[in-house]
Amino acid sequence: MTRSCRPSSPALAPVLLALLLGGAARAVEIVGGQEAQPHSRPYVASLQLPWPPNSHFCGGTLIHPSFVLTAAHCLNTMNPTRVNVVLGAHNLQTPEPTQQIFRIARLFENNYDPQQKLNDVLLLQLDRPATLNTQVAVAQLPQQDQLLPHGTRCLAMGWGRLGTLEPQPRVLQELNVTVVTFLCRPQNVCTFVPQRSAGICFGDSGGPLICDGVLQGVDSFVIRGCATGQFPDFFARVALYVNWIHSVLRSVGGEDGPGAPNQNPHRR
């Protein structure tokens, strides 16, 4: 594993990244993490298909009582009418009284480019507002265009597999990660776990990256496998889309509702 966090030639980074994108894969699982304290991340959503039961396939983040932010690639080829959005969950294999289950009323994209893996964000309008409580709460959005310094400590989380050949965990997993700039693009937040094999992988797509209590990233993709120790993990940079998010909320009359972004933040 390289111990340097910056490329020797920054001008080469975009070229190298363009070559590597052909080997990029959707991020699906947390490798090397640990179980989260039950319901300590009340903004996390699980996107599921109704059959087989509890078939989690992507994550998301509640950013308004009626809206979940996820990755565009999660539903890019899927019929949204078949998807359930589950809030207030910790153990996906056990019925929990804290869980609230929703259908998707509308989708809002922002020029998603699947080839370049750009603008990998998607707003899901729920069929009814969530009931906010200690188990279900909205995440705080960053300021538009806010930058994350190299070395910022963050938290990634999800219900994806614990390893490529490992089973899916029953309970929410989380992982401490560090923001890095090597091989990254301005459109992404990139993270790395130094000195050990850990990171996001295949199943946590769409899940949140939380930095100092603020939603800074949407789990997007990895390069040439999970937790390789060679490449950073890539998240869509939420700070680029805050104005767009507010415009969507205004268009449906949700901007000034209870729990609107930056009005009812949940900090860890």
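Two helices and 16 strands make up the secondary structure of the protein chain. The model is predicted. Of its 268 residues, 57% count as buried.

- Take the contacts between residues at least 6 apart in sequence: 71% of them join residues at least 24 apart.
- The accessible surface of the protein chain is about 11600 Å². Carbon and sulfur atoms account for 50% of that surface.

**Nonpolar cores**
- The largest nonpolar core holds 51 residues. Leu-69, Leu-75, Val-85, Leu-87 and Leu-123 touch the most other members.
- What does Leu-87 touch, leaving aside residues up to four places away in sequence? Its partners include the aliphatic residues Val-44, Ala-45, Leu-62, Val-68, Leu-126, Ala-130 and Val-136.
- A second core of 16 residues is separate. Among its members are Val-31, Ala-156, Ala-198 and Leu-209.

**Helix H2**
- Helix H2 spans residues 242-251. Its buried residues are Val-242, Trp-244, Ile-245, His-246, Val-248 and Leu-249.
- An α-helix has 3.6 residues a turn, so residues three or four places apart point the same way.
- Which strands do the buried residues of H2 pack against? They pack against E5 (55-64), E6 (67-70), E8 (100-109) and E9 (122-126).

Notes
Residues numbered from 1 in each chain as written. Predicted model: local features only at pLDDT ≥ 70, side-chain atom pairs only at ≥ 80, totals over all residues. Heavy atoms only, no water. Core = buried A, V, L, I, M, F, W, Y, C linked by side-chain atoms within 4.5 Å. Buried < 20%, exposed > 50% of the residue type's maximum accessible area, 1.4 Å probe, protein only. Contact = heavy atoms within 4.5 Å. Helix = DSSP H or I, 4+ residues; strand = E, 2+ residues; numbered from the N terminus. Areas by Shrake-Rupley, 256 points an atom, 1.4 Å probe, with all protein chains shown as cover.
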